[in-house]
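Student: Could we go through this structure together, term by term? I would like to learn what the labels rest on.

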Amino acid sequence: MNGVAPHIRFREARERLGLTQDQVAAQSGVSDAGVWDIESIEGNLTCCYSPKDVQKFCRVLGIRPVELFGGEISEPAVTPEGLARLIHKECHLRGVTLEQFEDAVGWRLSACIEPPEKLLEDMTIDGLQWLCRELRIDWRRAL
């Protein structure tokens with residue numbers, strides 16, 4: 001995986017398409033300042049935006065989410081329903097409740113697991129990374 005940070009990849013993708021920050025903002029439903037923050041502040045994309053937001057950005061930028069974060073993944077994608085199943089399976093394997101598993105993940109999963117699509121809407125990319133680390137899967141598979 002090459003070492004180019006996601007905020008740089010974001011800007012490069014926008015520039016390749018000849019889009020302004022304002023145009024990306026309008027097409028993706030965020031503020032102009034939001035796009036400026038994404039491109040200027042390393043980590044802003046992962047701490048402030050959900051996987052659903054990133055999917056929207058990538059549609060506007062004409063790239064796949066994995067391209068934004070670098071590298072390739074060879075394993076199949078994990079759907080939100082698949083994530084929910086893995087969460088419940090992991091709780092069972094550990095012999096813990098969902099609430100106890102939330103402590104390990106650092107995210108309140110019970111608030112966003114039903115319906116499973118909420119996992120990709122209510123959780124940030126950082127939250128998804130923490131969850132997938134506990135599930136022992138590549139988080140980019142859930143994008």
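Student: In which helix is P6 found?

Tutor: P6 is found in helix 1, residues 6-17. A helix here is a DSSP run of H or I with at least four residues, numbered from the N terminus. Before we go on, note that this is a predicted model, where local features need pLDDT of at least 70, side-chain atom pairs count only at pLDDT 80 or more, and totals for chains, interfaces and linings use all residues. Residues are numbered from 1 along each chain as its sequence is written, and side-chain values use heavy atoms, with hydrogens and water left out.

Student: How many helices and strands does the chain have?

Tutor: The chain has 10 helices and zero strands; a strand would be a DSSP run of E with at least two residues.

Student: Why is P6 called partly exposed?

Tutor: Buried means under 20% relative accessible area, exposed means over 50%, and partly exposed lies in between (1.4 Å probe, protein chains only). P6 has 23%, so the label is partly exposed.

Student: What does P6 touch, leaving aside its neighbours within four places in sequence?

Tutor: P6 is in contact with L45, L68 and F69, where contact means heavy atoms within 4.5 Å. The C-alpha atoms of P6 and I38 are separated by 8.9 Å, although the two are 32 residues apart along the chain.

Student: Why does F57 count as buried?

Tutor: F57 has a relative accessible area of 1%, so it is buried. F57 is found in helix 5, and the buried residues of that helix (residues 51-61) also include V54, C58 and L61. Not counting residues up to four places away in sequence, F57 touches F10, S28, V30, I38, L45 and Y49. Just after helix 5, G62 takes a positive phi of about 70°.

Student: R141 and R136 are both in the segment after helix 10. Which is buried and which is exposed?

Tutor: R141 is at 13% relative accessibility, so R141 counts as buried. R136 is at 58%, so R136 counts as exposed. R141 touches I73, E75, P76, A77 and V78, residues up to four places away in sequence aside. R136 has a phi near 60°, a positive value in a residue other than glycine.

Student: What makes a set of residues a nonpolar core, and how many residues does the largest one have?

Tutor: A nonpolar core is a set of buried Ala, Val, Leu, Ile, Met, Phe, Trp, Tyr and Cys residues joined through side-chain atoms within 4.5 Å. The largest one has 41 residues, and L83, I87, L109 and L131 have the most contacts inside it. Beyond its neighbours within four places in sequence, L131 is in contact with L83, I87, F101, V105, L109 and M123. In soluble globular proteins, nonpolar side chains tend to be buried together.

Student: How do you know that the radius of gyration agrees with a compact globule?

Tutor: The radius is taken over C-alpha atoms, and the globule rule is 2.2 Å times the number of residues to the power 0.38. With 143 residues, the rule gives a value near 15 Å, and the chain has 16 Å, so the two agree. The C-alpha trace spans about 50 × 30 × 20 Å along its principal axes.

Student: Which peptide bond is cis?

Tutor: The bond from E114 to P115 is cis, with omega near -10°. P115 is found in the loop between helix 8 (98-105) and helix 9 (118-122).
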